[in-house]
Amino acid sequence: MPSAPQPRFLPAGDTALIVEFGDRVDWHLSALVLVLAQKLEAAKPTGVIEAVPTFRSLMVHYDPLATSHADLQRAIAALLPGLEARSIAGRRWRIPACYDPSLGLDLAEVGRRTGLSPSQVVERHSQTSQLVYMMGFLPGLPYLGDLAEAFALPRRENPRLKVPSGSVAIAMSMTVIYPQESPGGWHILARTPVPLWQMRKAPPALLAAGDQVTFAPLSLREYERMLAKAAAAELCLAPEGPQPQGRGA
Amino acid sequence: MTGALRVVAPGLMTTLQDLGRPGYQRLGVPVSGALDQLSFRAANLLVGNGPGVGALEIAYQGPTLSVDADSVRIAIAGGHAPIDILQPGGEVSRSLAPFQSGRLVGGEVLRMGALTGSAVAYLAVEGGFDIAPVLGSQSTLTRAAIGGFKGRALQAEDVLPLKQAAVAERDECILAALDLAPPKRVRIVLGPQDDHFTPAGLRTLLTSTYTVSPATDRMGMRLEGPPLEHSSRGYDIVSDGIALGAIQVPGNGLPIILLADRQTTGGYAKIATVVSADIPTLGRLAPGASIAFEAVDIAAAEAAARRLARDIAAMAANVASVRRPSDIDWKRLMAENLVSGVVSARESGEG
């Protein structure tokens, strides 16, 4: 039975604070964050606007006219005793993605930096079953992990101003998929034709925290065919099934 | 009977914005909203709207809009620009001063020039635009094509439907003495990842003057100047949440201040956060402007937020009514009020 977790409270100006459980990507930390987010939602402390869970911390946005950093920190600290990591049941997805170098812009560089051939990079990346830790950065953008240690590359020193929509990119043993064109600093390995965010759907996001994802490599021709179907709103990806229960901490 | 504004020329970057779209950041949806919420609120106040009604955010260069309605009441607040009202034949019949409401009738055209004094201005219409909110907000997030008019900046020939096809003739409103001048130093609270920087890096941030880069947009203000030195902990962090005004510093050491359209989470170390009261100021800075920082504690930041809220609440008391707008010598009024303070409704002979 773990004792009450002792997170750090970090300032983020006068409209947000961070409850930090750790500084690494870790299922246990992630579960603590999600459970605290649920407790906070139920407790509804005065002045809280919304809370954003990440791998290892919870950002709480607040109205400085309705509360203060000090009052809010006290209210959150009161929720910590008895906080335990619980598993989250998600769905299993196999997402088609094309690793052709014309779309996987950094595939060759990742190969050089990891000492793997491009085909080894594709094989290892696509076959690893990855957990959706959180959504963030952009509408519908999932953070997936964990990949093998070989993929523990830092982000690019200079982020790209434009990463193409659908790009599948890695850094720090994790994967993100860009739901639309955006600036971004991750290394691009592939591109998926599957839309990750569709406003007309409820919820608009394809994936959710707790889902499991593998990638199905596509030829350039198959990618283009599926992209055309997606453009005509005829591409509908279904999950392969629910995730087996009881992913251990 | 319906009414609309038709876009003759869109300006450089004109988007519909309101007070933003909070509540969906956990799905990755940025908050968005007006960059300079002080000027945004002033524009709404002048046409008699509530504080959060969607208005056009105009960056750098104003649009030209024609009135396809019986009549519409418009006010523009923020950066100053020449604003001409053209007759259907194309002749300039009068001008509309910034920070003053005016009634335009069908067929008239509003032509706005380049902004000075601020990078942005807000054009509010009485009653607002008849555009359905997305996830509770009319704000445009162009990067994700969410909200606003078709999720994008305005283009020529767009037709913006109005909630009100006609507005009553009445006294117009004028607001003076709104201080939009940039502060000498923008206030920041250190953290959340100030421990990813060396003492020299922190000193550089607090003693240098930076220049706003042309690569600045609604997502982030990129700064040029001395790079900030990261400590051995490096520039890369495991992604966490991003507050409005967070100053993230990627590997090249150059700070980026994250603004209204900021990403919800991110993985570059954030050395400090601009206090909420100074966020509207940032929205007004154009590329080439200088910026320097001053560290304050959270209590001071919270006090500044309360002060700004009081200033915003006081704005309504500074609105004067103008029986005959054409009689007002705007330049003289501005000059006097910049010296003597604010115009009260009583002094200006209400009604």
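Modeller: Chain B has an average pLDDT of 92, and 91% of its residues score at least 70; pLDDT is the predictor's confidence in each residue, from 0 to 100. This is a predicted model, in which local features need pLDDT of at least 70 and side-chain atom pairs count only at pLDDT 80 or more, whereas totals for chains, interfaces and linings use all residues. Residues are numbered from 1 along each chain as its sequence is written, while chains are lettered from A and ligands numbered from 1 in the order in which they are written. For the complex, the predictor gives an ipTM of 0.90 and a pTM of 0.86.

One stretch of chain B calls for caution. Over residues 337-351 of chain B, pLDDT stays under 50, and the model has 21 contacts beyond four places in sequence for them; a contact means that two C-beta atoms, placed from the backbone, lie within 7 Å. Where pLDDT is low, the predicted coordinates should not be read in detail.

As to overall form, chain B contains 5 helices and 23 strands, taken as DSSP runs (H or I, at least four residues, for helices; E, at least two, for strands) and numbered from the N terminus. The C-alpha trace of chain B spans about 65 × 45 × 30 Å along its principal axes. Among the contacts in chain B with a separation of 6 or more, 79% join residues 24 or more positions apart.

Turning to the interior, 52% of the 351 residues of chain B count as buried, that is, with 20 or more other C-beta atoms within 10 Å of their own. The largest nonpolar core has 171 residues, and B:Ala43, B:Leu46 and B:Tyr122, together with A:Val60, have the most contacts inside it; such a core is a set of buried Ala, Val, Leu, Ile, Met, Phe, Trp, Tyr and Cys residues joined through C-beta atoms within 7 Å. Leaving aside neighbours within four places in sequence, B:Leu46 is in contact with residues including B:Ala75, B:Phe99, B:Cys173 and B:Val319.

Finally, the contact between the chains draws 41 residues from chain B and 42 residues from chain A. On the side of chain A that touches chain B, strand 3 of chain A gives the most, with 4 residues.

How values were computed:
Buried ≥ 20, exposed ≤ 12 C-beta atoms within 10 Å, placed from the backbone.
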